[in-house]
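Me: I would like to learn how to read the features of a model like this one. Please give the general idea each time, then the case at hand.

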Amino acid sequence: MTDVGLLTPGAHRGAGPTDDTAVLQALLDTEAAWVAAQVRAGLAPAAAADAARAAARAADYDAADIARRAEGGGNPVIPLLADYRRRVERLDPDATGWVHRGLTSQDVLDTAMMLLVRRAAEPLASDLARTRAALARLAEAHRGTVMAARTLTQHALPTAFGLKAAGWLAGVQDLRDDLADLTRTPVSYGGAVGSLAGSAALFADRPGAQEAPDAARALELAGHWARELGLELPGHVWHTTRRPVLRAGQALAGVCAALGRIANDVLVLARPEIGELREPAAEGRGVSSAMPQKQNPVLSVLLKRTALSAPQLVAQLHLAAGLAVDERPDGAWHTEWPALRELARLAVAAASHAAELAEGLGVDADRMRANLEASGPAVLAERISAALAPLVPAADGATGKQRVQAAVREHAHDADALVRALVGLAGRSRPDGGPVDEPWVRRLLEPAGYLGAADLLVDRVLAAGPEGPAERASTAGPAAGTIPGGTA
């Protein structure tokens, strides 16, 4: 059986920390760490840990053969353990007896999956940091780049592209707590039925029973195991209480959603008829098999694909968690493994795609301005109404505000006619005593004058992140994210 990702283009970027070799290595590291934990607990000689570690090289094992034999027991730990014991025995025959003592397959597989997630979190965090730095640079550089804000697909009011980029950045910044969860994944202990009976039995008839009962020493042993792996020691056995899996899955899906939101905006604004954004070019990227003139926004397409795929994988984790039964699940547990692994793979790949997209995103400020101006002065109707309605008297059964809005509708695409009409409607001076004349009304039609608190909002987002000016400047990519020559 060969599966190299033909149907999930781009997912290979997340394969390194999540593929079958990575799973195998996590399983082996988990088993080796258990022997080392027994050494720390005074149960096993130090030489046993040395042999256990030396035998824990995934490259020395046949993953395909282990996968075939996993059918016999329903999980890969059982055949792997047989192979692992043989290798340990060749290195140190006396060490074999300390391998897997007191553990069950679920302890090992659950712990290995948490180790896999934590390892996947490292490249994920690195690429998200690149994305944040690039988005912060875009937000800073384009504070004054006016464009049309769109609501329900239609032009609504002017905004600044810097504020849009700050919104993307805020979405990535909000992942901070989720990413922290991925670095605090727990070991899974409990033994055959979640009672730790197997671990406690390791201390039977051992010296020290007077100082601490076997049960307490069994928990200490689990603590040693967690420290060996750099994982957390949870407060309870989670064989059938699957919150750690759900927390990891939701964090990974959160990454996919935040990046998918950015991709959606890029896909819309990179349409040729809009032409405000452009993805970075690369050899062979965005090509069409039949239409050589096209430059498809493939990074965004793949990010959207991932964002659309992740929710179903999280749903599988919730379904499995809700159907856990007895002391060990009978099938629900088995459905978690591929779902959680695929979430990790897609999230790591998406973070890499997003970093490349953000660092190379081209911004056509001229096109943004032109598209906004194409909406005509009506795009500033909210501002015009707020400023002029109090100065226009009621007439013919219409309020001042209704008369202003009627003028805007009538001259929606003719700024000169609208200015003249509004000046003609005014019945009193401005609150500051100034006249309602054409220069004053014309200033109301300048989009850059109606950006509200955009500058302050950008400042707040930038201040909320660790990406200071030095970090932003040190990240590769166009300094201002502007398309040279202002053309898309």
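Reply: Start with helices: helices (H or I, at least four residues) and strands (E, at least two) are DSSP runs, numbered from the N terminus. By that numbering, Ala218 is found in helix α9. This is a predicted model, in which local features need pLDDT of at least 70 and side-chain atom pairs count only at pLDDT 80 or more, while totals for chains, interfaces and linings use all residues. Residues are numbered from 1 along each chain as its sequence is written, and side-chain values use heavy atoms, with hydrogens and water left out.

Me: How many residues does helix α9 have, and what span does it reach from its first C-alpha to its last?

Reply: The expected span of a helix is 1.5 Å times one less than its number of residues. Helix α9 covers residues 214-229, 16 residues, and reaches 23 Å, close to the 22 Å expected. After α9 comes Gly230, with a positive phi near 75 degrees.

Me: Is Ala218 buried or exposed?

Reply: Buried means under 20% relative accessible area, exposed over 50%, and partly exposed in between (1.4 Å probe, protein chains only). Ala218 has a relative accessible area of 1%, so Ala218 is buried. Other buried residues of α9 include Arg217, Leu221, Trp225 and Leu229.

Me: What covers the buried residues of α9, and which residues is Ala218 in contact with beyond four places in sequence?

Reply: Contact means heavy atoms within 4.5 Å. The cover of the buried residues of α9 includes α1 (20-40), α5 (105-141) and α8 (197-201). Leaving aside neighbours within four places in sequence, Ala218 is in contact with Leu196, Ser199, Ala200 and Phe203.

Me: What is the phi of Leu196, and where is Leu196 found?

Reply: Most residues other than glycine have a negative phi. Leu196 has a positive phi, near 65 degrees. Leu196 is found in the loop between α7 (176-182) and α8, and counts as buried because its relative accessibility is 11%. Asp326 also has a positive phi, near 55 degrees, and is found in the loop between α11 (298-322) and α12. With a relative accessible area of 59%, Asp326 is exposed.

Me: What volume does the largest pocket have?

Reply: On a 1 Å grid over the protein atoms alone, a pocket is an open set of points where a 1.4 Å probe fits, with protein on both sides within 12 Å along at least five of seven lines; lining residues have an atom within 4 Å of a point. Grid points are joined across faces, edges and corners, and a volume is the space filled by probe spheres set on the points. The largest pocket has a volume of about 1,200 Å³. Its lining has 33 residues, of which Met1, Asp3, Asp20, Arg341 and Arg345 are the closest to its centre. Arg345 lies in helix α12 and, at 18% relative accessibility, counts as buried.

Me: Where is pLDDT under 50?

Reply: pLDDT is the predictor's confidence in each residue, from 0 to 100. The chain averages 93, and 95% of the residues score at least 70. The value stays under 50 over residues 476-480, for which the model has twelve contacts beyond four places in sequence. It also stays under 50 over residues 484-488, with ten such contacts. Where pLDDT is low, the predicted coordinates should not be read in detail.
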